[in-house]
Amino acid sequence: MLITTILVLIFKSEIKNYHKTLLFFDAIGLGFFTVVGIQTGIEFKMNPLICVALGTITACFGGVIRDVSLSNIPLVFQKEIYATTCIFGGVIFFILVKLDLPIMLSKVSCLISVVLFRLLSVRYNLHLPTNLKFKKSTE
């Protein structure tokens, strides 16, 4: 990981030319680390809600490290749908487990749903609302 970080810092300007490729691999990494976090929670016999939170944190923290290393604002702190994709994948995982599907099929479905949801949210410019403004009550 240290070598990768050094290479990214050295070739920062070159990497910007590969936005779509990096987005695709970022989405795959997001999906894999979501599954790893969920799996870790299951191994420790944690509540499904905690497992989804672990998957989300595990997946998003790698992106935070990457973005901070590149002097960018982390995607998870922007309007992009990033952590929400992990939560969505985690919910899919536990729904499929509850339906007694094989665990491997549930993991693959979680991975695919995270990747697809992330790529589609970028493709169609879907994002969470920001800067909600509430009117003050005059009463």
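A charge is taken to sit over a ring if NZ of Lys or CZ of Arg is within 6 Å of the ring centre and within 35 degrees of the ring normal. In this predicted model, local features need pLDDT of at least 70 and side-chain atom pairs count only at pLDDT 80 or more, while totals for chains, interfaces and linings use all residues. Residues are numbered from 1 along each chain as its sequence is written, and side-chain values use heavy atoms, with hydrogens and water left out. By the ring criterion, Arg123 lies over the face of Tyr124, at 5.3 Å from the ring centre.

A pair of aromatic rings is described by the distance of the centres and the angle of the planes. Rings of Phe, Tyr and Trp (its six-membered ring) pair if their centres lie within 6.5 Å, and planes under 30 degrees apart count as stacked, over 60 as edge-to-face and the rest as tilted. Three aromatic pairs are found in a search of the whole structure. Phe24 and Phe25 form an edge-to-face pair, with 5.4 Å centre to centre and 70 degrees between the planes. Phe93 and Phe94 also pair edge-to-face, at 5.0 Å centre to centre and 85 degrees between the planes, and both Phe93 and Phe94 are buried (under 20% relative accessible area, with exposed over 50% and partly exposed in between, for a 1.4 Å probe and protein chains only).

Tyr82 counts as buried because its relative accessibility is 3%. Leaving aside neighbours within four places in sequence, the contacts of Tyr82 (heavy atoms within 4.5 Å) include Asp26, Leu30 and Arg118.
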